Amino acid sequence: MPTSPVLDQFHPLVRDWFTSAFGRPSPPQELGWPAIAEGRHVLVCAPTGSGKTLAAFLWAVDGLVRSGIGGALEDRTSVVYVSPLKALSNDIQKNLREPLRAIRQLAEERGTPLPEIRVAVRTGDTPAKERESMRRRPPHILVTTPESLYILLTAEGSRRFLASAKTVIVDEIHAVADDKRGAHLALSLERLDDLAGVPLQRIGLSATQRPIEEIGRLLVGTRNLKPDGTPDCAMVEVGQRRNLDLSVEVPDQPLGAIASHAMWGEVYDRVAAYARQVRTTIVFVNTRKLVERVSHQLSQRLGGEAVA
């Protein structure tokens with residue numbers, strides 16, 4: 001199977017695992033990895049499901065694998081992954097553990113001992129026993145939320161293992177860009193830099209970033225702006241332009257101040273006809289009451305199991 005030259009910069013274990021699992025890199029990975037490998041701050045804007053999370057993580061995982069094989073993997077945190085959503089944090093933990101397990105299994109098959117690379121989640125819901133375990137044996141990759149990161153930066157035990165961090169990944173960064181959570185996170189990122197003694201590499205991820213320059217400024221902070229005020233980071237923006245088949249349709253009956261039952265019936269029939277032609281249809285309406293009405297009418301036309 002042909003591979004991309006960008007994969008040649010990874011350790012053979014990481015490269016071979018990725019090739020067997022995915023074949024070729026996706027556009028966000030192909031464009032993002034060179035800048036990430038250079039140590040630059042990187043902002044990746046790409047659709048959901050395009051592989052941008054692995055684009056952010058894999059180079060850091062590669063460094064941990066190399067340290068493990070070389071006998072230099074310490075009980076210190078190297079990567080801090082910050083997600084505004086606790087549910088997403090748990091999902092990322094699962095998605096990370098499987099690749100790490102597969103890479104370690106591949107190493108064993110090739111006779112290359114590889115210590116366990118640990119991932120742990122720290123949120124407000126993390127039990128006290130797990131928090132204590134984390135302090136005694138820090139994870140190499142820490143998954144947390146903006147609020148929990150703030151708390152970790154104030155506690156002596158967690159400050160000790162956070163001081164070794166080299167990379168911070170901020171997922172769904174647009175979700176905190178326009179409120180106090182964003183300002184709070186920006187302060188925590190600066191404190192994390194001060195704690196480490198050197199600027200961490202910052203990688204931002206989102207499927208929705210507008211305007212992208214403003215999101216870049218939030219990611220890198222005021223100390224990483226160019227003289228013209230633009231953020232000093234690589235911006236990877238792919239997959240945002242899509243072909244649209246857009247049309248405006250109106251019922252055949254005359255429009256009035258209040259839609260008649262016959263007119264609504266015509267609308268429901270037309271929506272149902274479109275829905276039968278495709279696999280998935282999303283219908284937008286203005287109110288919850290109208291949601292229930294439309295769902296009922298479409299269920300009568302398409303079947304109750306087809307409408308949610």
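Leaving aside its neighbours within four places in sequence, Ile141 is in contact (heavy atoms within 4.5 Å) with Phe57, Val61, Leu64, Val79, Leu96, Leu100, Arg118, Val119 and Ala120. The model is predicted: local features need pLDDT of at least 70, and side-chain atom pairs count only at pLDDT 80 or more, whereas totals for chains, interfaces and linings use all residues. Residues are numbered from 1 along each chain as its sequence is written, and side-chain values use heavy atoms, with hydrogens and water left out.

- Ile141 and Trp33 touch the most other members of the largest nonpolar core, which has 44 residues.
- A nonpolar core is a set of buried Ala, Val, Leu, Ile, Met, Phe, Trp, Tyr and Cys residues joined through side-chain atoms within 4.5 Å; buried means under 20% relative accessible area, exposed over 50%, and partly exposed in between, with a 1.4 Å probe and protein chains only.
- Another core, of 28 residues, lies apart from it and has Val80, Ala120, Leu152 and Cys233 among its members.

## The sheet

- Seven strands, in the order S3-S4-S2-S5-S6-S1-S7, form an open sheet with parallel pairing; helices (H or I, at least four residues) and strands (E, at least two) are DSSP runs, numbered from the N terminus.
- Strand S3 (119-122) and S7 are the edge strands, and each pairs on one side only; two strands pair if DSSP finds at least two bridges between them.
- From one strand to the next, the twist averages 15 degrees; axes are lines fitted to C-alpha atoms, for helices over the stretch in contact, and angles run from 0 to 180 degrees between N-to-C directions.
- Helix H3 (residues 52-69) packs on the sheet and touches S1, S2, S4, S5 and S6, with its direction at about 150 degrees to that of S6.

## Individual strands

- In a regular strand, side chains alternate between the two faces of the sheet.
- Strand S1 (residues 42-45) is covered on both faces, with Val42 and Val44 buried on one side and Leu43 and Cys45 buried on the other.
- S1 runs parallel to S6, joined by 4 bridges, and Val44 stands opposite Leu205 there.
- S1 is also joined by 4 bridges to strand S7 (residues 234-237), again in parallel, and Val44 faces Val236 in that strand.
- S2 pairs in the parallel sense with strand S4 (residues 141-144) over 4 bridges, where Tyr81 stands opposite Val143.
- S2 pairs with S5 in the parallel sense, also over 4 bridges, and the bridge partner of Tyr81 in S5 is Ile169.
- In S5, Thr167 and Ile169 point one way and Val168 and Val170 the other way, and all are buried.
- The parallel pairing of S5 with S6 has 4 bridges, and Val170 stands opposite Gly204 in S6.

- Helix H8 (residues 180-196) has 17 residues and spans 24 Å from its first C-alpha to its last, close to the expected 24 Å, a value given by 1.5 Å times one less than the number of residues.
- At the start of H8, a side-chain oxygen of Asp179 comes to within 3.0 Å of the backbone nitrogen of Arg181.
- Gly182, Leu185, Ser188, Leu189, Glu190, Leu192, Asp193, Leu195 and Ala196 are the buried residues of H8.
- These residues pack against several elements, including helix H6 (146-152), helix H7 (156-162) and helix H9 (212-220).
- H8 lies across S2, S5 and S6, at about 170 degrees to S5.
- After H8 comes Gly197, with a positive phi near 85 degrees.
- Helix H10 (residues 261-277) has 17 residues and reaches 25 Å from its first C-alpha to its last, close to the 24 Å expected.
- The buried residues of H10 are Met263, Gly265, Glu266, Tyr268, Ala272 and Ala275, and helix H11 (288-302) is included in what covers them.

## Two loop residues

- Ser26, in the loop between helix H1 (12-22) and helix H2 (27-37), is buried, with a relative accessible area of 16%.
- A polar atom of the Ser26 side chain lies 2.6 Å from the backbone oxygen of Ser50.
- Glu172 lies in the loop between S5 and H8 and has a positive phi of about 45 degrees although it is not a glycine.

How values were computed:
Polar contact = N/O pair within 3.5 Å; in protein donor to acceptor, adjacent residues only side chain to side chain.
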